[in-house]
Amino acid sequence: MRIRIVDAFTDRPFAGNPAGVLLLDAFPDETWLQNVAREVNHAETAFAHRLPEGGEVEWALRWFTPVTEVAMCGHATLATAHVLHTIGAHQGPVRFATRSGVLVATPGEDGSITLDFPTAPLTPVDVPDGVTDALGAEPRTAFDTGPNVGDLLLELADEKTVHALAPDHKALATYSTRGIIATARAEDPTRGYDYVSRCFFPNVGIDEDAVTGSAHTALAPYWSERLGRPGLTGLQASPRSGRVRTELRGDRTLLTGRAVTVIDGELLA
């Protein structure tokens, strides 16, 4: 079967977040899915298969990290929609059945793709004891991001602090289901982004994620409230880096980005 590696939330190869994408006839044994994701060894590998015509959704979609299945993944959804559109397997908006409900990916005339995801509920919490030492910076605020995202969202003092983080990944694993989102307001919005973030997910086998769509369902409401605008752009400042345009629409968040296929090959196992 065909296997593709797609860089998501970027318009150039070797940037953004890479995802494996496999289009199947049906979902095989879960052990096989996990083994393929472990072999691909990217943050997520997406597996999708077409559903019968006439239903609410057209494709079923699942995501696996190298160590576990996850409830929501933005960049691998973007990558899957990119593959479906570029190979002609689907035209127009595509509706995916997932563990997080129905997720819609709509292609734009400019080549971008917009994802319609549930907005993460943000609950203020006390900054946990020890998280400052584990992260290497003192948070100003802390928020739980709900079951779909499963992270602890921490606002730091400034953008420079976010860029300079060198956390103890093992120590971070004790503070949330998936990991930590560290964020700060952009130092200079004229550079084309409103806020900056980095994401550390040791509990699902990812020390630092390159560009995390699901995290932006929490970042969008957080920064939209503080900056007073529903539409923003976030920079995820990982070594690969990438930008996510976000638009808050109540209980839904729109995530817009581009994708590039960098490998198109054959899976023999």
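**Pockets and backbone**

Reply: The largest pocket holds about 220 Å³ of space, where a pocket is an open set of points on a 1 Å grid over the protein atoms alone, taking a 1.4 Å probe and with protein on both sides within 12 Å along at least five of seven lines. This is a predicted model, in which local features need pLDDT of at least 70 and side-chain atom pairs pLDDT 80 or more, while totals for chains, interfaces and linings use all residues. Residues are numbered from 1 along each chain as its sequence is written, and side-chain values use heavy atoms, with hydrogens and water left out.

Me: Which residues line the largest pocket?

Reply: The lining residues, those with an atom within 4 Å of a point, include Phe 9, Asp 11, Asp 110, Arg 243, Arg 245 and Arg 258. By class, the lining has 2 nonpolar, 4 polar and 5 charged residues.

Me: And how much space lies in the second largest pocket?

Reply: About 150 Å³, and its lining divides into 6 nonpolar, 3 polar and 3 charged residues. Helix H4 (146-149) gives the largest share of that lining, 3 residues.

Me: Switching to the backbone, what is the phi of Asn 41?

Reply: Asn 41 has a positive phi of about 60° although it is not a glycine, whereas most residues other than glycine have a negative phi. Asn 41 lies in the loop between helix H1 (30-40) and strand S3 (44-50).

Me: Is Asn 41 buried or exposed?

Reply: Asn 41 is exposed (over 50% relative accessible area, with a 1.4 Å probe and protein chains only), at a relative accessible area of 53%.

Definitions and conventions:
Helix = DSSP H or I, 4+ residues; strand = E, 2+ residues; numbered from the N terminus. Buried < 20%, exposed > 50% of the residue type's maximum accessible area, 1.4 Å probe, protein only. Points joined across faces, edges and corners; volume = space filled by probe spheres on them. Nonpolar A, V, L, I, M, F, W, Y, C, P; charged D, E, K, R; others polar.
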